[in-house]
Amino acid sequence: MFFSQAGARPRRWEASQSEHKKWVEVFKACDEENKGYLSREDFKVAVVMLFGYKPSKIEADSVMSSVDPNTSGILLKEFLDIVRKKNEAQVYRNEIRHIFTAFDRHYRGYLTLEDFKKAFKQVAPKLSERIILEVFRGHGFDPWSGN
């Protein structure tokens, strides 16, 4: 994930032209009857094709309840927005996993305070130990924005 300079907040991720084209192709492939929208079942197939898993009932319900009630299903524009958000979340999770792995030098699956201190000393050597401790404890302190 990309972080802005001020506040270390995630920026919106943009799909490449080839990804966008692939998403449109998947939409068209799943809209077998050329209805112009995806039904609940069509949507599930599209998620399997793009993300490799079948969405849960809760996820499908959430998506279907978010679409325009005046349509019979998910329109292309809505589908592209849903897929972009899912892809953005996947990129973000991968980035977090990568950062965690870099901090977890002993491959334990958890971080000790010492792991955290060493990592912060490398990436932000001027941060005080007090701030590092507050971040480790999860007190919501954002050392980059001062909050």
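Two residues are taken to be in contact when they have heavy atoms within 4.5 Å. Among contacts in the chain between residues at least 6 apart in sequence, 43% join residues at least 24 apart. The structure is a predicted model, in which local features need pLDDT of at least 70 and side-chain atom pairs count only at pLDDT 80 or more, while totals for chains, interfaces and linings use all residues. Residues are numbered from 1 along each chain as its sequence is written, and side-chain values use heavy atoms, with hydrogens and water left out.

Helices (H or I, at least four residues) and strands (E, at least two) are DSSP runs, numbered from the N terminus. The chain has 6 helices and 2 strands, and from the N terminus on these elements follow the order α-β-α-α-β-α-α-α. A residue is called buried under 20% relative accessible area, exposed over 50%, and partly exposed in between, with a 1.4 Å probe and protein chains only; of the 147 residues of the chain, 30% count as buried.

**Interior**

A nonpolar core is a set of buried Ala, Val, Leu, Ile, Met, Phe, Trp, Tyr and Cys residues joined through side-chain atoms within 4.5 Å. The largest such core has 18 residues, and those with the most contacts inside it are L38, F43, L50, I74 and F79. Helices α1 (17-30), α2 and α4 each supply at least two residues of this core. Leaving aside neighbours within four places in sequence, F79 is in contact with W23, V26, F27, L38, F43, A46, L50 and I74. A second, separate core of 8 residues includes A119, F120, L127 and I131.

In helix α5 (residues 113-123), the residues D115, F116, K117, A119 and F120 are buried, and what covers the buried residues of α5 includes α4 and α6 (129-137).

**Aromatic rings**

Rings of Phe, Tyr and Trp (its six-membered ring) pair if their centres lie within 6.5 Å, and planes under 30 degrees apart count as stacked, over 60 as edge-to-face and the rest as tilted. A search of the whole structure finds 5 aromatic pairs.

**Charged pairs**

A salt bridge is a side-chain nitrogen of Lys or Arg within 4 Å of a carboxyl oxygen of Asp or Glu, and by this rule the count comes to 13. The table gives examples.

| Salt bridge | N to O distance |
|---|---|
| K35 and D31 | 3.3 Å |
| D61 and R40 | 2.4 Å |
| D81 and K85 | 3.2 Å |

D61 lies in helix α3 (residues 57-66) and R40 in helix α2, so their pair ties together parts that are 21 residues apart in sequence. D81 and K85, by contrast, are 4 residues apart in helix α4 and therefore separated by about one helical turn. D81, R84, K85 and E88 are linked in a network of salt bridges.
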